[in-house]
Amino acid sequence: MELLAYPNIASTQDTARQIALDGHSLPFAVIAETQSEGRGRRGREWNSPPGGLWLTLALAVPSPEAVRQSAMVAAHAVAAVVLVETGVRTLVKWPNDLLVKRRKVCGILAETLVRPGTTILLVGIGVNVNNVVLSDQLPHATSLREELGYSVDLQHLCAGILNTVELDMNILILRGFDPFGPWMKANLALWGELITVEFNNQRESGCVAGLSRTGALLLKNPDGSLKEVDAGSVYDW
Ligand code: BTN
């Protein structure tokens, strides 16, 4: 995958969006050493100092419906590469954050650009690798260096993530979400815990009970029945 690298930009999401709008061929990735206006989900600021991996991949996805699955598949790719390269096991906080011992090490921001005949997915991946995690982000965040006690080769990790996301996306396009289901279930964070999912000012609460075949979150109601949640942010505190 073509990699466009910058020392500092406002946000890799915005740069990738502009490059895609300019008609650059897909897929490509934008990486920055630092971001001055890094964005998280729900309009939150994403602190992006040197030493972290701040990256956006621009890919064609088969349909707007495939967006949530694509972002989960990107989380799978990051988790697999982090495990192989560093030995650190991460769990997926549905739909696509990665946690180490309940602390966030990676956040994924999936945005789309709908063009006539194509949906372009802008999958923003932020991994706290060797960067300092600020005290006001603690105790909810961590970095790979914090977990390991030593620095990780950022370029090597980046190359692995780019290759694996591309590979996984091809599997998703050819075979759907089924090949990822067992891994997702085995690596789902907060299993059995009571959580609240918020989407468009609506809230659904229940105990995490797995995933549907298409990757929706299953929540167990107090009476034992299950409900499916398609999208939203998970709150466990
Ligand atoms: C979240 O957990 O809320 C998502 C965080 C996504 C951060 C990444 S860093 C690279 C890309 N550029 C951004 O401005 N945001 C994403």
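Helices (H or I, at least four residues) and strands (E, at least two) are DSSP runs, numbered from the N terminus. The structure is a predicted model, in which local features need pLDDT of at least 70 and side-chain atom pairs count only at pLDDT 80 or more, while totals for chains, interfaces and linings use all residues. Residues are numbered from 1 along each chain as its sequence is written, and side-chain values use heavy atoms, with hydrogens and water left out.

The chain contains five helices and twelve strands. Its radius of gyration, taken over C-alpha atoms, is 17 Å, close to the 18 Å that the globule rule (2.2 Å times the number of residues to the power 0.38) gives for 237 residues; the chain is therefore as compact as a globular protein of that length. Along the principal axes, the C-alpha atoms fill a box of roughly 55 × 45 × 35 Å. Of the 237 residues, 51% are buried, that is, under 20% relative accessible area with a 1.4 Å probe and protein chains only. Among contacts (heavy atoms within 4.5 Å) with a separation of 6 or more, 61% join residues 24 or more positions apart.

Pockets were located on a 1 Å grid over the protein atoms alone, a pocket being an open set of points where a 1.4 Å probe fits, with protein on both sides within 12 Å along at least five of seven lines; lining residues have an atom within 4 Å of a point. Volume is the space filled by probe spheres set on the points, which are joined across faces, edges and corners.

The largest pocket holds about 910 Å³ of space. It is lined by 38 residues, of which Arg 44, Glu 45, Trp 46, Asp 97 and Lys 104 are the closest to its centre. At least two lining residues come from each of α1 (12–21), β3 (53–61), β5 (97–100), β6 (103–115), β7 (118–127) and β12 (233–235), and β6 gives the most, with four. The lining comprises 14 nonpolar, 14 polar and ten charged residues, where Ala, Val, Leu, Ile, Met, Phe, Trp, Tyr, Cys and Pro count as nonpolar, Asp, Glu, Lys and Arg as charged, and the others, Gly among them, as polar. Domain 1 (2–185) and domain 2 (191–235) each contribute at least three residues to this lining; the domain bounds come from an automatic or database domain assignment.

The second largest pocket has a volume of about 350 Å³. Arg 41, Pro 95, Phe 199, Ala 231 and Gly 232 are the closest to its centre among 15 lining residues. Here α2 (66–86), β6 and β8 (194–199) each supply at least two residues. Eight nonpolar, three polar and four charged residues make up the lining of the second largest pocket. Because domain 1 and domain 2 both give residues to this lining, the second largest pocket lies between them.

Conventions. Buried < 20%, exposed > 50% of the residue type's maximum accessible area, 1.4 Å probe, protein only.
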